[in-house]
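Here is a short briefing to read alongside the structure. Have the viewer ready, and let's walk through a few spots together.

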Amino acid sequence: MTQFNQAAFQTANDLEENLAEYRVGSTTIGGATLFDLGIEHRGGLVAGEMLADVCLGAAADVFAAAEPGAIGTGVVVKVATDNPVGACLACQYAGWPLSVGDYSAMVSGPIRLLRGKEQLLEKLGLSERGAIGVAVLEADTYPTEAAVLKIAEECSIEPELLTILIAPTTSIAGNIQVVARSVETAMHKLHEVGFDVNDVLSATGSAPLPPPALKSIDGIGRTNDAILYGGSVTLFVDADQAVIDEIGPKVPSNSSSDYGKTFGEIFASYEYDFFKVDPLLFSPAVVTFVNLRSGISRTFGQLRPDILEASFGCKS
């Protein structure tokens, strides 16, 4: 199995060697190395691509590109991988809610494989052993020393061999990191509806990059809406066509009872508690299955530019 933490560490090394060029800062907390891509340092598009690459365990290609007609910034974030289970579910999925004292953040990235305590990882038999750990935090403040030591302890590694990358959704890099989850949300949704995710051989996805919000709560809303109402994913699968025809309509975001409002409105209605939101909402707007076994392609879902315009505060 690919050593995802080692591969992600190499990308982080590239950041270290070009901090000024990428507008990224580096510091040490509790012995661990922390890269700031959007809190005290501005970061940018390339830093965001690298952040998403690290989050995917360096097992996918990520790039932000101008696209005529794209709502918001005129930029879309595209992802392609030939290892969607490893890149998206083993690494990118934000499955570790970290809470230490007053500090809390969602942890994603390949370090989750070292911890290995998530039901998703256990069910899919995903794990990794190694001395190096690479974590990605979506947060607007640096982790405390206690939080850093907790991450290292839970993953059985020395803090000095822990690398953390952090960016808020109010930054360019933080926006890209979240919007690059189009394929990941489709893969997780497939798992939730009972489809064998190992039948997905390759995948590509895109979603519009929203303007960075001034407040984190608004940034969370915009980046989620980018996928829920603007994300489009193509999955190359080897499966029974009848299975695809049955589960296909259940995969896009419009299969959720919470669908139809901006994520900010939905989130507020649940008093900003993620666990109250219908988990089946978190998926792309459109999902296409290209079945290599049957030679048939099926597309489900729909794009909602009207909701994106309301969320992003702009007109296309």
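Is Lys78 buried, partly exposed or exposed? Lys78 is partly exposed, because its relative accessible area is 28%, and that value lies between the cut-offs of 20% for buried and 50% for exposed. Please keep in mind that this is a predicted model.

**Salt bridges**

- The structure holds 10 salt bridges by the rule used here.
- One of them joins Lys78 to Glu67, with 3.3 Å between the closest N and O atoms. This pair ties together distant parts of the chain, 11 residues apart: Lys78 sits in strand β4 (residues 75-81), while Glu67 belongs to the loop between β3 (61-66) and β4.
- Another salt bridge brings Lys117 and Glu154 together, at 3.6 Å from N to O. Here the partners are 37 residues apart, with Lys117 in the loop between α5 (111-115) and α6 (119-124) and Glu154 in helix α7 (residues 145-154).
- Glu154 counts as buried because its relative accessible area is 16%, and buried means under 20%.
- Lys117 and Glu154 also belong to a network of salt bridges that includes Arg115 and Lys150.
- Arg298 pairs with Asp245, and their closest N and O atoms are 3.3 Å apart. This bridge spans 53 residues of the chain, from Asp245 in helix α11 (residues 241-247) to Arg298 in strand β12.

**Helices α1 and α3**

- Helix α1 (residues 4-17) packs with helix α3 (residues 45-55), their axes lying 8 Å apart at an angle of about 160 degrees. The two helices are therefore roughly antiparallel, as angles over 145 degrees count that way.
- The crossing of α1 and α3 is left-handed.
- Why is α3 described as largely enclosed by the rest of the structure? The reason is that 9 of its 11 residues are buried.
- The buried residues of α3 are Ala47, Gly48, Glu49, Met50, Leu51, Ala52, Asp53, Val54 and Cys55.
- After α3 comes Gly57, which has a positive phi, near 65 degrees.

**A nonpolar surface patch**

- Leu201, Phe236 and Leu292 make up a nonpolar patch on the surface, and together they have about 260 Å² of accessible area.
- Where does Leu292 sit? Leu292 lies in the loop between β11 (286-291) and β12 (296-301).
- Leu292 counts as exposed because its relative accessibility is 52%, and the cut-off for that class is over 50%.
- Strand β12, at one end of that loop, is also the strand that holds Arg298.

**Ahead of α1**

- Gln3 is found in the segment before α1.
- With a relative accessibility of 40%, Gln3 counts as partly exposed.
- Gln3 and Gln177 are 174 residues apart along the chain, and 21 Å separates their C-alpha atoms.

Terms used: Residues numbered from 1 in each chain as written. Predicted model: local features only at pLDDT ≥ 70, side-chain atom pairs only at ≥ 80, totals over all residues. Heavy atoms only, no water. Patch = residues over 30% accessible without salt bridge, like charges linked within 9 Å, V, L, I, M, F, W, Y side chains within 5 Å. Areas by Shrake-Rupley, 256 points an atom, 1.4 Å probe, with all protein chains shown as cover. Salt bridge = Lys/Arg side-chain N within 4 Å of Asp/Glu carboxyl O. Helix = DSSP H or I, 4+ residues; strand = E, 2+ residues; numbered from the N terminus. Buried < 20%, exposed > 50% of the residue type's maximum accessible area, 1.4 Å probe, protein only. Axes fitted to C-alpha atoms, helices over the stretch in contact; angles between N-to-C directions. Parallel < 35°, antiparallel > 145°, perpendicular 65-115°, else oblique. Left-handed = near helix turned anticlockwise from the far one by under 90°.
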